[in-house]
Amino acid sequence: MKKIFFNPFEQFSERPLILFGIATTILMSMVGAFFNARFDGVLDLHFSRPTFFLNTLTDNALNVCVLSLTLFTLGKIRNNKTRFIDIFSASLIARIPYYFLPLFNWNNIVLTESEKLMQQFMTLKPGNTPTFDNIQIMVLMIFTGASLCFLAWFIFLLYQGYKVATNAKGSVEVVLFGITLLIAEVFSKIIFYLIY
């Protein structure tokens with residue numbers, strides 16, 4: 001059971017992984033839209049009103065494509081036998097933990113508390129200190145903690161898939177993977193900036 005959650009790439013072939021990944025992406029894009037989530041970058045999640053299913057699905061599709069292309073490029077450079085389908089399935093499956101973060105915005109609580117915080121900072125006069133209520137602190141701390149955990153899970157899964165696809169070994173591969181992930185984030189932000 002542990003391997004299914006942390007390294008499904010050694011348990012299943014790419015075809016069932018891709019089918020499951022696509023189905024989950026579509027389903028969780030609907031859920032994300034319901035909870036006003038926008039995945040506007042490979043490593044990003046923001047809440048905004050209103051949000052529509054087509055927007056959230058487009059966000060996720062673009063992120064998977066950018067991840068797949070950047071990691072495939074690195075994989076081909078490091079190992080000429082790297083197959084795109086393996087990298088694509090890794091990108092699809094690795095993003096699944098991220099899709100559960102919008103559930104924390106139940107009844108728009110994260111969005112509402114974030115907006116209150118931003119409003120407070122925008123209207124703060126020089127020399128004054130912001131005040132936080134207990135609900136605001138609790139909501140934002142829980143969401144931040146969950147975001148970090150799910151981000152770590154996403155990156156871990158992605159690296160496991162990349163490692164299986166490319167036969168990557170050693171610390172150099174980890175560093176190159178990390179740099180490529182950051183490059184994917186930059187590319188995704190540029191694309192989102194241009195199309196929205």
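Here are some friendly notes on a predicted model, taken helix by helix.

Residues are numbered from 1 along each chain as its sequence is written, and side-chain values use heavy atoms, with hydrogens and water left out. Local features need pLDDT of at least 70 and side-chain atom pairs count only at pLDDT 80 or more, while totals for chains, interfaces and linings use all residues.

1. Let's begin with Asn 60, which sits in helix H3 (residues 53-78). Helices here are DSSP runs of H or I with at least four residues, numbered from the N terminus. Asn 60 has a relative accessible area of 0%, so the residue is buried. The classes are buried under 20% relative accessible area, exposed over 50% and partly exposed in between, with a 1.4 Å probe and protein chains only.

2. What does the side chain of Asn 60 join in a polar contact? Its partner is the side chain of Arg 95, at 3.3 Å. A polar contact is a pair of N or O atoms within 3.5 Å; within protein, one must be able to donate a hydrogen and the other to accept it, and residues adjacent in sequence count only if both atoms are side-chain atoms. Setting aside neighbours within four places in sequence, Asn 60 is in contact (heavy atoms within 4.5 Å) with Thr 25, Ser 29, Phe 39, Arg 95 and Tyr 99.

3. H3 also packs against helix H7 (residues 171-195), at an angle of about 145° and with the axes 9 Å apart. Axes are lines fitted to C-alpha atoms over the stretch in contact, and angles run from 0 to 180 degrees between N-to-C directions. The contact includes Leu 62, Val 66 and Leu 74 of H3, and Leu 176, Phe 187 and Ile 191 of H7.

4. Phe 84 lies in helix H4 (residues 84-94). Its relative accessibility is 34%, so Phe 84 counts as partly exposed. Not counting residues up to four places away in sequence, Phe 84 touches Ser 68, Leu 69 and Phe 72. From Phe 84 to Ala 94 is 10 residues in sequence and 15 Å in space, C-alpha to C-alpha.

5. Helix H6 (residues 134-166) has 33 residues and reaches 48 Å from its first C-alpha to its last, close to the 48 Å expected at 1.5 Å a residue. That expected span is 1.5 Å times one less than the number of residues. Asn 167 follows H6 and has a positive phi, near 60°.

6. A word on cysteines: Cys 65 counts as partly exposed because its relative accessibility is 42%, and Cys 149 counts as exposed because its value is 54%. With a disulfide taken as a pair of cysteine sulfur atoms within 2.5 Å, the count comes to zero.

Terms used:
Helix = DSSP H or I, 4+ residues; strand = E, 2+ residues; numbered from the N terminus.
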